[in-house]
Amino acid sequence: MLFVAGRDFCQPLFKEKYIMKHLSKYEQELVALKLREATSLYDFVDVLNQVQNFILPKTDSNVKAITIQVINYLLYAKNGKAYKYSEIPKKSGGVRKIIAPNKRLRYIQRLINQCLHALYYPMPQAHGFVPERSIVSNARLHTNKKYVYNLDLSDFFPSISFHRLKAVLCKVKQIGINQKVAHIVANLCCHEGVLPQGAPTSPTLSNFVCIALDKKMYYLSKEGDFTYSRYADDITFSSNNDISKVEFKSLVAGIIVDEGFQLNKKKERLQMNNVIKSGKLYRQHQEVTGIVVNEKVNVNKKYIRNLEATLFNWETYGYDIASLLHEHFYKFSKGSDRYDGAIPAIEDVIMGRIEYLSMVRGKDDSKYQLFKIRYNTLCMKEAYTEKEMLNVLDVWNKDGLNAAMKKFYDKRNLLNLKTN
């Protein structure tokens, strides 16, 4: 990162992929030790520079040290331009307000996030925003159960205040950073006194705040013989014992309120499968974080049908007509609202959906393999000239095999080659 005097003192001169790199175990231990020993702004800046040195290429001559002046600017000279406000539609209706930091602040927050991951690894019951965990690992805990009970926490990030966050950072034993450093971290990561929805640090910090909640639910699950997990604000309980009783629901709700959260009653769901109640057999569809869990983790039938239809349109009517149909249905689904009205190319959407299928079902799944073959065949339909193939090989030499494969299979890139 190069810091230049004046208004543009924090302009990234490298790809953001470096900031997403995970630190090694040794690097994490060193960062955690230095952060816990830090007692001043000077010490805190030193830790950020240590993280920056770990994640950025050693050959990047443009990288310069983060300074105290930079952090002071972000701490005390923030103005209305530090965050951008936007809205995206919720599947359940309404909109979700996103408050995202600008590039300057986001970069520092990403460095802080590396420090936070080094400090504490959440309990196994927390699956949101944790490396090597996902909505799939979360759902897998609740497969083939008679009862699946879902709860949602209202206004999850905004319900976490600056003072609450600061107290957790310096008082919770597993984290244990100095009070002054905790104040700096909370200040840099909060907006208008609460965690903002779009900051890269908010998910990790929310997991910190939920340490006590997760522990209480875990010990309760051991006593009551049920399974508990949490993916951000989405809480799930499952069991082959009856957890539909009012006493159980009241006990769970009491713990949630005691820990400073509120339940969203509209999203409370009890899903029963192979359960007989009052002489009636219930075989309900069970989902956890959008994944079917009745017998094993799976996508729903509608997901497969939609993917099948999109591939069929491309195979039958050609790329141009299939793209028009894709744009029509994408607008109808309000998906484009997430991208300020822009609609991603049909091949990008198909590839994303196919890879999501592999994440849920596994790469050995026959349906996934068939979809991948059909997709690759469609992308390769246009004949490559020698010049175009040389272009792909050039990408391979410069950017590696994965980039070359994307160029080769990407229909849009192929069309661009033909028009240039």
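Modeller: Two strands pair if DSSP finds at least two bridges between them. The model here is predicted. E3 and E6 show four bridges, so they pass that test. Their pairing runs in the antiparallel sense.

Biologist: Which residue in E6 is the bridge partner of Asn150?

Modeller: Arg269 in E6 is the bridge partner of Asn150.

Biologist: How do you know that E3 and E5 pair?

Modeller: Six bridges link E3 and E5 in the antiparallel sense. The test asks for at least two, so the two strands count as paired. Within that pairing, Tyr147 stands opposite Ser239 in E5.

Biologist: What holds paired strands of a sheet together in general?

Modeller: Backbone hydrogen bonds, in a parallel or antiparallel arrangement.

Biologist: What is the order of the strands in the open sheet?

Modeller: The order is E4-E5-E3-E6-E7, five strands with antiparallel pairing.

Biologist: What makes E4 and E7 edge strands?

Modeller: Strand E4 (227-231) and strand E7 (280-283) each pair on one side only. On average, neighbouring strands of this sheet are turned by 25° against each other, direction ignored.

Biologist: How many bridges join E4 and E5?

Modeller: Five, in the antiparallel sense, with E5 covering residues 234-239. Tyr228 stands opposite Phe237 in E5. Helix H9 (residues 211-224) packs on the sheet and touches E4 and E5. The direction of H9 makes about 160° with that of E4.

Biologist: Why is strand E3 called largely enclosed?

Modeller: Buried means under 20% relative accessible area. Six of the six residues of E3 (residues 147-152) are buried, so the rest of the structure largely encloses this strand. Both faces are covered. Tyr147, Tyr149 and Leu151 are buried on one side, and Val148, Asn150 and Asp152 on the other.

Biologist: Why are Arg230 and Asp214 called buried?

Modeller: The cut-off is under 20% relative accessible area. Arg230 has 0%. Asp214 has 2%. Both values fall under the cut-off, so both residues count as buried.

Biologist: How do you know that Glu259 forms a salt bridge with Lys216?

Modeller: Their closest N and O atoms are 2.6 Å apart. The limit is 4 Å, so the pair qualifies.

Biologist: Is Lys216 buried or partly exposed?

Modeller: Lys216 has 39% relative accessibility, which lies between 20% and 50%, so it counts as partly exposed.

Biologist: What makes Glu308 and Arg374 a salt bridge?

Modeller: The closest N and O atoms are 2.8 Å apart, which is within the 4 Å limit. This pair links distant parts of the chain, with Glu308 in helix H11 (residues 301-317) and Arg374 in helix H14 (residues 366-379), 66 residues apart. Salt bridges that share partners join Glu308, Glu315 and Arg374 into one network.

Biologist: Why do Glu308 and Arg374 fall into separate accessibility classes?

Modeller: Glu308 has 29% relative accessibility, which lies between 20% and 50%, so it is partly exposed. Arg374 has 15%, under 20%, so it is buried.

Biologist: How many salt bridges does the rule give?

Modeller: The count comes to eleven salt bridges.

Biologist: Which residues form the nonpolar patch on the surface?

Modeller: Met389, Leu390, Leu393, Trp396, Leu401 and Met405, with about 540 Å² of accessible area together. Helix H15 (386-399) and helix H16 (401-409) each give two or more residues to the patch. H15 gives the most, with four residues.

Biologist: What makes this a patch?

Modeller: Patch residues have over 30% relative accessible area and no salt bridge, and nonpolar side chains are joined within 5 Å.

Biologist: How many helices and strands does the protein have?

Modeller: There are 17 helices and nine strands. Of the 420 residues, 47% are buried. The protein exposes about 22500 Å², with carbon and sulfur atoms supplying 53% of it.

Methods
Residues are numbered from 1 along each chain as its sequence is written. This is a predicted model: local features need pLDDT of at least 70, side-chain atom pairs count only at pLDDT 80 or more; totals for chains, interfaces and linings use all residues. Side-chain values use heavy atoms; hydrogens and water are left out. Patches are made of residues with over 30% relative accessible area and no salt bridge: like charges are joined within 9 Å, nonpolar side chains (Val, Leu, Ile, Met, Phe, Trp, Tyr) within 5 Å. Accessible areas come from the Shrake-Rupley method with a 1.4 Å probe; for residues, only the protein chains shown count as cover. A salt bridge is a side-chain nitrogen of Lys or Arg within 4 Å of a carboxyl oxygen of Asp or Glu. Axes are lines fitted to C-alpha atoms, for helices over the stretch in contact, and angles run from 0 to 180 degrees between N-to-C directions. Contact means heavy atoms within 4.5 Å. Buried means under 20% relative accessible area, exposed over 50%, partly exposed in between (1.4 Å probe, protein chains only).
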